[in-house]
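Dear colleague,

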Amino acid sequence: MRCKVTFWPSGKTVDVKPGTTLLDAARRAGVPVSTRCGGKAACFMCKVAVRPGSELQPMKDIERRKLCGLESEGIRLACQARAAGKVAVDVPKDPLRAAIERQLARQAEDDSLW
Ligand code: FES
């Protein structure tokens, strides 16, 4: 059996083996997910939102401890969450890219005033 993981907002989909982490699936799909610790559940940068109805393997204690209840909102660590079937994942914008976009929008707004 293969698992189908779809990443939003790009809509890129990849077929992976059961047990593949969402981080590995994202890499295979060419979807950037921030990481600093290399997948050791230490940096908390790989947070993604898993859509309701997604099929994942049971969460391990290390991830539950890191999330401190955020899992109830669908937040998971991409380096720890493992696919078990069909999965839909919302990937947040890279924080640096989001900051640059905000700055450019402010600059464009300022420029339009002159
Ligand atoms: S990659 Fe660092 S916590 Fe997931």
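**The cavity and its lining**

Gln57, Pro58, Lys60, Arg76, Gln80, Ala81 and Arg82 line the largest cavity, where a cavity is, on a 1 Å grid over the protein atoms alone, a set of points where a 1.4 Å probe fits but cannot get out, and lining residues have an atom within 4 Å of a point. This is a predicted model, in which local features need pLDDT of at least 70 and side-chain atom pairs count only at pLDDT 80 or more, while totals for chains, interfaces and linings use all residues. Residues are numbered from 1 along each chain as its sequence is written, and side-chain values use heavy atoms, with hydrogens and water left out.

The largest cavity has a volume of about 40 Å³, a volume being the space filled by probe spheres set on the grid points, which are joined across faces, edges and corners. A search of the whole structure finds one cavity of 30 Å³ or more.

Helix 1 covers residues 22-29, and its buried residues are Leu22, Leu23, Ala25, Ala26 and Ala29; helices (H or I, at least four residues) and strands (E, at least two) are DSSP runs, numbered from the N terminus, and buried means under 20% relative accessible area, exposed over 50% and partly exposed in between, with a 1.4 Å probe and protein chains only. Seen down the axis of helix 1, these buried residues fall within an arc of 160° (taken from the directions from the helix axis to the C-beta atoms), so they line one face of the helix.

The largest nonpolar core has 27 residues, and those with the most contacts inside it are Val5, Phe7, Leu22 and Val89; such a core is a set of buried Ala, Val, Leu, Ile, Met, Phe, Trp, Tyr and Cys residues joined through side-chain atoms within 4.5 Å. Helix 1 gives the most to this core, with five residues. Leaving out residues up to four places away in sequence, Leu22 touches, among others, Val5, Phe7 and Val89, contact meaning heavy atoms within 4.5 Å.

**Two loop residues**

Ser34 lies in the loop between helix 1 and strand 3, and it counts as buried because its relative accessibility is 19%. Beyond its neighbours within four places in sequence, Ser34 is in contact with Met45, Cys46, Asp94 and Pro95. Asp94, in turn, is found in the loop between strand 5 (86-90) and helix 3 (95-112), and with 36% relative accessibility Asp94 counts as partly exposed.

With best wishes

Technical notes
On a 1 Å grid over the protein atoms alone, a cavity is a set of points where a 1.4 Å probe fits but cannot get out, and a pocket is an open set with protein on both sides within 12 Å along at least five of seven lines; lining residues have an atom within 4 Å of a point.
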